[in-house]
Amino acid sequence: MIKEFNTEAQLGVGLETLWKALAKDFPNIVPKVLPNIVKDVQLTEGNGGMGTILIFSFLPDARSTTNYQREKITEFDEIKREIGLQVIEGGYLNRGLTYYKTTFQLSSIEEKLTLVNVKISYDHESSSDLEEGVKPLKTSQSTLLFLKSLEKYLLNEA
């Protein structure tokens with residue numbers, strides 16, 4: 001049964017700038033935002049919208065048992081400013097989860113302030129097989145770290 005974990009972040013970046021980074025420039029920006037984690041992101045199928053498949057190559061890490069993660073864009077709504085990425089191979093699926101999806105929904109608070117609602121949907125065979133690093137609280141912390149790093153990158157690039 002798929003479970004959900006929700007969190008949010010307020011970023012000091014305008015809605016359009018943040019949406020462009022997440023929805024249009026994502027493969028190019030992620031390695032710059034997380035240079036100690038992500039080696040590169042390749043767009044292997046699609047044009048960046050629904051159905052697009054991305055392969056994230058990770059830098060070697062003694063704590064990690066995987067060096068890549070394949071994700072598919074399963075939600076993409078320009079009007080709602082919502083994008084969902086589902087892990088379809090590697091990454092979290094090699095660490096005890098059978099389903100993992102992160103959905104970002106952006107809304108403007110002020111001209112240079114955006115609220116990002118994050119929904120993490122996940123499932124696993126049994127909780128005893130679940131590694132500490134893939135529990136929703138841990139993965140949401142990684143997602144929030146990514147968003148704060150993205151904010152810093154976009155503010156420095158402006």
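**Entry 1, ground rules.** I am working from a predicted model, in which local features need pLDDT of at least 70 and side-chain atom pairs count only at pLDDT 80 or more, while totals for chains, interfaces and linings use all residues. Residues are numbered from 1 along each chain as its sequence is written, and side-chain values use heavy atoms, with hydrogens and water left out.

**Entry 2, the sheet.** I looked up the strand order first. The sheet is open and has 7 strands in the order E1-E7-E6-E5-E4-E3-E2, with antiparallel pairing. E1 and strand E2 (38-45) are the edge strands, each with a single partner, so one side of each has no neighbour in the sheet. On average, neighbouring strands are turned by 25° against each other, direction ignored. For my own reference, strands (E, at least two residues) and helices (H or I, at least four) are DSSP runs numbered from the N terminus, and two strands pair if DSSP finds at least two bridges between them. Axes are lines fitted to C-alpha atoms, for helices over the stretch in contact, and angles run from 0 to 180 degrees between N-to-C directions.

Is E7 enclosed or open? I found 9 of the 12 residues of E7 (residues 113-124) buried, so this strand is largely enclosed by the rest of the structure. Buried means under 20% relative accessible area, exposed over 50%, and partly exposed in between (1.4 Å probe, protein chains only). Strand E1 (residues 3-11) pairs with E7 in the antiparallel sense over 9 bridges, and Asn6 stands opposite Lys119 there. Strand E6 (residues 97-110) is joined to E7 by 12 bridges, also antiparallel. I noted Phe104 opposite Val118 and Leu106 opposite Val116. The hairpin from E6 to E7 goes through 2 residues.

In E5 (residues 82-90) 7 of the 9 residues are buried, so E5 is largely enclosed by the rest of the structure. Strand E4 (residues 68-77) runs antiparallel to E5, with 8 bridges between them; Lys72 has Gln86 as its bridge partner. The hairpin of E4 and E5 has 4 residues between the strands, and Arg81 in this hairpin takes a positive phi near 55°. E5 and E6 are antiparallel with 5 bridges, Ile83 standing opposite Phe104. Their hairpin has 6 residues between the strands, and Gly91 in the turn has a positive phi of about 50°.

How do H1 and H2 pack? Helix H1 (residues 15-24) and helix H2 (residues 26-33) pack at an angle of about 100°, with axes 6 Å apart. They are therefore roughly perpendicular (65 to 115 degrees). Ala21, Leu22 and Lys24 in H1 meet Phe26, Pro27 and Ile29 in H2, contact meaning heavy atoms within 4.5 Å. Against the sheet, H1 lies across E1, E4, E5, E6 and E7 and runs at about 160° to E6. H2 lies across E2, strand E3 (53-58) and E5, at about 170° to E2.

I ended with Asp25, in the loop between H1 and H2. Its relative accessibility is 23%, so Asp25 counts as partly exposed. Asp25 and Gly48 are 23 residues apart in sequence and 8.7 Å apart in space, C-alpha to C-alpha.

Key. Parallel < 35°, antiparallel > 145°, perpendicular 65-115°, else oblique.
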